[in-house]
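User: I'd like to go through the labels in this model and check each one against its cut-off. Could you take my questions one at a time?

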Amino acid sequence: MIALAHHVRANAARYLLLLMSATTALGLGLWVVLATEPGCLAAQGHWSGSGLCHTRLCLLQGDCGEMATPVIGCAHVRPGDSRGKVYFHLGNPLPGAPALAHWQAFKEGDGIIEARFEGDRLVSLACPLAK
């Protein structure tokens, strides 16, 4: 047992370097996968027209992208869902108060989606009918 402890202590720098290299390789591998549309979709993300992958962690990362027709995402969210899930499916809201978020429902034309939040939870969602 003492020999094992001495071995670990003597080689700690090597083990740390190996761990850091493996973590870096994993991060680069994930970045390569998410940098392609098939990889993004395989990771259950949304591929944006600007060539970016938005995953379910988009709210934490600070950008959930802009959907061409956010109204399609209305079918995937329900009251009680987290703000992160709502933003993932609808994209970034229009500027305004965080308790009451709005999206342009369609790329062209009228229609506003309105979501009311209490804290981080969706309380109500008003979506126009999809065209």
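Predicted model: local features only at pLDDT ≥ 70, side-chain atom pairs only at ≥ 80, totals over all residues.

User: To start, why is Asp-81 called buried?

Analyst: Because its relative accessible area is 14%, and buried means under 20%, exposed over 50% and partly exposed in between, using a 1.4 Å probe and protein chains only.

User: What makes Asp-81 and Lys-85 a salt bridge?

Analyst: The rule asks for a side-chain nitrogen of Lys or Arg within 4 Å of a carboxyl oxygen of Asp or Glu. For Asp-81 and Lys-85 the N to O distance is 3.6 Å, so the pair passes the 4 Å limit. Lys-85 itself is partly exposed, because its relative accessibility is 30%.

User: How many salt bridges does that rule give?

Analyst: The count comes to 3. One of them joins Arg-83 and Asp-120, with the closest N and O atoms 3.9 Å apart. That pair links distant parts of the chain: Arg-83 sits in helix H5 (residues 83–90), Asp-120 in the loop between S4 and S5, and they are 37 residues apart. Another has Glu-118 meeting Arg-116 at 3.7 Å, N to O.

User: What makes S4 and S5 a pair?

Analyst: First the element rule: helices (H or I, at least four residues) and strands (E, at least two) are DSSP runs, numbered from the N terminus. Two strands then pair if DSSP finds at least two bridges between them. Strand S4 (residues 112–118) and strand S5 (residues 121–126) have 5 bridges in the antiparallel sense, so they qualify as a pair. One example is Ala-115, whose bridge partner in S5 is Leu-125. The two strands form a hairpin with 2 residues between them, and Gly-119 in the turn has a positive phi of about 70 degrees.

User: What makes H5 "mostly covered"?

Analyst: Of the 8 residues in H5, 7 are buried. They are Arg-83, Gly-84, Val-86, Tyr-87, Phe-88, His-89 and Leu-90. The cover includes strand S1 (46–47), strand S2 (53–54), H4, S3, S4 and S5, where contact means heavy atoms within 4.5 Å. Just after H5, Gly-91 takes a positive phi of about 90 degrees.

User: Why is Gly-62 called exposed, and where does it lie?

Analyst: At 61% relative accessibility, Gly-62 clears the limit, so it counts as exposed. Gly-62 is in the loop between helix H4 (58–61) and H5. Its C-alpha atom is 9.3 Å from that of Asn-92, 30 residues apart along the chain.

User: Is Leu-19 buried or exposed, and how do you know that?

Analyst: Exposed, because its relative accessibility is 54%. Leu-19 is found in helix H2 (residues 12–34).

User: Finally, what does the overall picture look like?

Analyst: The protein has 5 helices and 5 strands, running α-α-α-β-β-α-α-β-β-β from the N terminus. Buried residues make up 26% of its 131 residues. Among contacts with a separation of 6 or more, 36% come from residues 24 or more positions apart.

Technical notes: Residues numbered from 1 in each chain as written. Heavy atoms only, no water.
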